[in-house]
Structures are given as C-alpha cells and as structure tokens.
Amino acid sequence: MSLLIKNGTVVNAERSWTADVLCEGGKIIAIENRLSSSDADTVLDARHCFVMPGGIDPHTHMQLPFMGTVASDDFFTGTAAAIAGGTTMIIDFVIPSPGERLLDAYHKWRAWAEKSCCDYSFHVAVTWWDESVYADMGTLVQDWGVNSFKHFMAYKGAIMADDGVLVQSFPRSLELGALPTVHAENGELVDYLQKLLRKKGITGPEGHPQSRPPKVEGEAAQRVIQIAGILGVPLYLVHNSAIDSVSAIAQARQRGQRVFGECLTQHLLIDESVYYDKDWRRAAAHVMSPPFRPKVHQEALWDALAGGVLQTTATDHCCFCSEQKEMGHTDFTKIPNGTAGVEDRMAVLWHHGVNTGRLTATDFVALTSTNAAKIFNIYPRKGAVQIGADADLVVWDPKRKKVISAETQHQQVDFNVFEGMEVEGSPLYTVSNGRLVYDDGKVLAQAGTGRYVSRPPFPPYLVAQQRYNDRHPPQKVQRAAATIGWEG
Ligand code: URQ
Ligand code: ZN
Ligand code: ZN
C-alpha cells in the first residue's frame, strides 16, 4: 500500500521546505517535489498545510487502575483520540503494585495495549525494591525494549518510591543504559498537609492544591536532581508545573548536568482558580497532580519551552468520569487524580504557542515529537519526516478551526479541561504506519493496528559523559576549586 502526500510544506525540528512525501510498507521512501500521483494507492492533498512528524505523547495512562478505580480511556479509545489530535505514538506506564514483579506487570500491560490503534511503548515504574526488581530491570532492558524507569516521589502508602529506592534504582538504570524518570512531589509533605487540611475540616477540591503547593514540587525536584548528580545519572522530570521545578532544572542544565524536563499542555493554560468553582463536579474534574497553579507559573513554563529548559510536551492523559471523581465527594484526597488531554495537546500548543509567536513551527515539531524521540532513543525512526523513518505523519491545516468540547471529543470521558476553547490549527489527516487513520474529522483506525515500539538502551558513551561531569568538573571549576584548596 502506497500513500502520497502532495503539495505540502514539510516541517521538521530543524527546517521546513516544500516537498511531496511518498510512503510505502509503513516507511517514508521519498521526499521530493513533483512526485507522480499515478501509481499511489492513496493521494492526500496537503496544499496550504504542513506535513509534520506524528506527535509523540511521552506520558499517558490508558485504563490505569488507580485510587480504587480504572481510568476511563482504554488503549483503543485513548489511541483513537490520540490520532484524532495528530499524535501517532504514546509512551504509557507499567505501574507495578509494591511487591508485584515488574515483569508480571509489564506483560499485563502489554496484553491491555494489544488493542491500540497507534504505536505505543512503556516506561516501567519502580515502586518498590528487592533483588527481583534489580533482576527484572535487566530483563526488561535486554529482552523487552524498555529504556526508561519511572519513580513516583508522591503517593505515599501507594506507589511512592522513597530515596532508598531511588539510590538503588538510579545506578541500576545507569548500568543498563536506561533513563530514570520521576514524578517530583514530596510525598511525605503531601501526606502531612492532606491530614492537616482534613483536620481543619477542608474536604472540597480546594484542598488538593493546598496540600501540594509549588514548593512541594520544587523540593522534590531539587532533591532528585542532586541525587542524580551525585550518582552521575541522567534524569527526566515529568509534568513540571511550577517555577520551583523549572528553575531547578535550569540551574542543573546550566552546570552541565544532563537533566530533561516535560510540561503538560494543561499546566500551560489552566490555573488553580478551577478548584474554587462553586460546581463541585467541575472543580473535582480538574484534580490531578501536580495541581494547576497560580497564573504566574504559566509564563515561566512557556519561557522554559521556548528557551530549551523543558524539552517535551505531554498530557499525562489519565481520565476519570464524573461518577468516578464522586468517590472523593466528602474527602478531596479520595478524588481519583487525573485529567484528559491526548486529543487536544497539539492543537492547544499550536494555537497558544505558534499563533501567538511564542513558538515557531519547527519548535512545535521539536516539542511535540522530535525531542521525545531523541530522549527516549527512537530517533530518527520516530520524530522526523525523513527517508527510512516510520510513516507516522500529520497533515496540519493551520487555518482549520475547532471548538474543543466534551460533546464532540473522541476521549471517553464526560469532561474536557479545555471546554469551549476555540483553536485555529489542527490535523486534516493523520497517517500511522503509512495508513490514513484520521481523515478530516473521521477516525478510520482499527483496534489492534498499533505496534509495540521497542526502545534500545542508551550507548555507554551517552551516559558516561554525565558520570564524567560529576567526577571531573570542567577545568575552570577545578582551577577555581584549587584556589580554595578544594580537592574535588
Ligand atoms: O501522577 C500521575 O502521573 C498519574 C497517577 C496520573 N494522575 C495525575 O494526577 N497526574
Ligand atoms: Zn505523575
Ligand atoms: Zn502520569
């Protein structure tokens, strides 16, 4: 099956140019002008449109069992929503319960994901530690294509990894050539503040942001960056929402420490006032962690994306319908944490990022696809319009308007945090594995057509540099150190 995209402007993270794109056998096989339409099975007219790498959302939780319920989008409905928004790959999470073998959890999630309709991969969470975790991490990297391990520093009493787990798991990740990723919130502080607020009789959704203020995120970000620096391990911090964590990342990167950061589109545009909505249902629908912040944090996030302090955008798509959120009607700590976003990420970032001049079109591609592919070691198979790359593409119509609404979304949830937002710029066509899977509003994808993407470990030289930086600071630091008699 061949598919030809004609008359478009190709946009990669480095440059854009006019060219036709020919796909066959699931790969891009030609990128040049005036390719003949005669023998292509499918021809798409991309006149006045951009042809970009399909989005990669590095942070989703389809059908996640969490806080006594299960997220309402499964791997089929969630990936159908993803392609409707121009995303052609998700990196989801295997989250073993404490004590559960990582390998058992991995195979459980692999079975769930069989019904996906776009490509997918998994980070595996380290939620506890013993020799079996050490062993399973090795098997997952060497035999199952996992090259990233997640650590929740929040969620005490559930899936929280304390410092004792971090200092075991991080060196093991380095040894294997895998990247540690973290949810940075101080779980002990959250637990303490939740109990304090409940004692004061605060039960509503407003208790959620009050129990996890920006400093709770900033402390954990600082701490985990220091731990990684001492251990000489690269690090990826997910869903940075506040100035506190962004500045910790900026300082680390400034001193040459290999730290990457992610930002959710929701945190760029929604602020903490939502938790004070008189309508409990609407307030509860916004309960996710980290919580939405005072507006001042939003511009810092935009600057961090434009300035290269944060490298990826994601959604942390983990949606719960209103009756699920009702589980916390008398106690905000019981409201399942999570919001949707996988369908809206790219259009929201284009409208508020590119249309406002904060980001260029090439920045947009870097932030929605290419950087995630590079960080998680699947570039240029993914994240580039390039001969030989997977034919995962989005034909982006910069003039195509839509009003975001739960009424019309593909996400299987009865709420949308961007409800009523009008955006200009959205997908006309989405192509996954060389097949047209989204056509001007219609999802054509079939369940089970998505593929598991194995991600190779990082070559030793890529991670060794980090270890070197920490043990042999650059010459200038050594000279300065010598003047104060520091041996280092
Ligand atoms: O913390 C996460 O990333 C998962 C459990 C989704 N929920 C959330 O509130 N972010
Ligand atoms: Zn998280
Ligand atoms: Zn998450």
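**Exercise 1: the largest pocket**

Task: Which helix gives the largest share of the lining of the largest pocket?

Solution. The model is predicted.
- Start with the share: α5 supplies six residues of the lining, the largest share.
- Next, the space: the largest pocket holds about 570 Å³.
- Now its centre: 29 residues line the pocket, and Phe 66, Met 67, Tyr 155, Lys 156 and Ala 158 are the closest to the centre.
- Then the elements: β9 (65-66), α2 (102-113) and α5 (187-199) each bring at least two lining residues.

**Exercise 2: a helix and its cover**

Task: How many of the ten residues of helix α13 are buried?

Solution. 
- Apply the cut-off: buried means under 20% relative accessible area.
- Count along residues 345-354: nine of the ten are buried, so with that cut-off α13 is mostly covered.
- List the buried residues: Arg 345, Met 346, Ala 347, Val 348, Leu 349, Trp 350, His 352, Gly 353 and Val 354.

**Exercise 3: an open sheet**

Task: In what order do the four strands of the open sheet lie?

Solution. 
- Read the order: β5-β4-β1-β6, with mixed pairing.
- Find the edges: β5 (27-32) and β6 (42-45) each pair on one side only.
- Take the angle: neighbouring strands are turned by 15° against each other on average, direction ignored.
- Look at one pair: β4 (residues 20-24) runs antiparallel to β5, and five bridges join them.
- Pick out a residue: Glu 24 stands opposite Lys 27 in β5.

Key:
Residues are numbered from 1 along each chain as its sequence is written. Chains are lettered from A and ligands numbered from 1 in the order in which they are written. This is a predicted model: local features need pLDDT of at least 70, side-chain atom pairs count only at pLDDT 80 or more; totals for chains, interfaces and linings use all residues. Side-chain values use heavy atoms; hydrogens and water are left out. On a 1 Å grid over the protein atoms alone, a cavity is a set of points where a 1.4 Å probe fits but cannot get out, and a pocket is an open set with protein on both sides within 12 Å along at least five of seven lines; lining residues have an atom within 4 Å of a point. Grid points are joined across faces, edges and corners, and a volume is the space filled by probe spheres set on the points. Buried means under 20% relative accessible area, exposed over 50%, partly exposed in between (1.4 Å probe, protein chains only). Two strands pair if DSSP finds at least two bridges between them. Axes are lines fitted to C-alpha atoms, for helices over the stretch in contact, and angles run from 0 to 180 degrees between N-to-C directions.
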